[in-house]
Amino acid sequence: MKFKHRFAYYIFGLAMGSFLVIFVFNKRGQDFCYLPNCRVLKNIRSKGLVISNEAQKKLDEKWVTIDDIKKCTEYGDVDFSRSNKKYKGGKIYIIEGKNTNNEPIEVEMVNYDNRVLLKDIKKQ
C-alpha cells in the first residue's frame, strides 16, 4: 500500500476517534482544569464562603456585589506573586477581576481546608 493511502487511513481514523471522544466526554461535564489558575479558582468555588466584617462593609457600599465576587472566582486571574502565603491556618489568594461596572477589582481570599474567607475587596 502506498504512503498516501496509509496516511489517508490514518487521518480518517484519527478524525473519527477525535469526534467520538469529543461527543462522548463532552456530555459528562468534564472540564480541563490542570493549569494553576484554574485549579485554585475551582478549589475556592467548591467550598463555603464566609464574609469578613471588612468585606461586608465594602459590599454594603454597593460598588461591588456578591455576584461580582462569584464571577471573579470563576473568570478572574490569581496573582501568584502576592498569593499562596500562610495566614492563620490558611493561604491567602489575591484574585483580580472586574465588577458589574467593568471596573477592575482585587479580591483577597483566605483558603482554609473546609471554607473560604472573603477577607477584603479593593478597587485597583
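**Salt bridges and a helix contact**

Colleague: At what N to O distance do the side chains of R82 and D79 meet in a salt bridge?

Modeller: The model is predicted, with local features requiring pLDDT of at least 70 and side-chain atom pairs pLDDT 80 or more, while totals for chains, interfaces and linings use all residues. Residues are numbered from 1 along each chain as its sequence is written, and side-chain values use heavy atoms, without hydrogens or water. A salt bridge here is a side-chain nitrogen of Lys or Arg within 4 Å of a carboxyl oxygen of Asp or Glu. For R82 and D79, the N to O distance is 3.1 Å.

Colleague: Is D79 buried or exposed?

Modeller: Buried denotes under 20% relative accessible area, exposed over 50%, and partly exposed the range in between (1.4 Å probe, protein chains only). R82, at 35% relative accessibility, is therefore partly exposed. D79 has 18% relative accessibility and so counts as buried.

Colleague: How many residues apart in sequence are the parts tied together by the pair E106 and R82?

Modeller: The side chains of E106 and R82 form a salt bridge at 2.5 Å, N to O. Strands (E, at least two residues) and helices (H or I, at least four) are DSSP runs numbered from the N terminus. E106 belongs to strand β5 (residues 104-111) and R82 to the loop between β2 (77-78) and β3 (85-87), so the separation is 24 residues.

Colleague: Which strand holds K119, the partner of E108?

Modeller: K119 and E108 meet in a salt bridge at 3.2 Å, N to O. The pair links distant parts of the chain, eleven residues apart, with E108 in strand β5 and K119 in strand β6 (residues 115-123).

Colleague: How are helices α2 and α4 oriented to each other?

Modeller: Axes are lines fitted to C-alpha atoms, for helices over the stretch in contact, with angles from 0 to 180 degrees between N-to-C directions. Those of α2 (residues 36-45) and α4 (residues 66-75) come within 8 Å and cross at roughly 140°. Under 35 degrees counts as roughly parallel, over 145 as roughly antiparallel, 65 to 115 as roughly perpendicular, and the rest as oblique. The two helices, α2 and α4, are therefore oblique.
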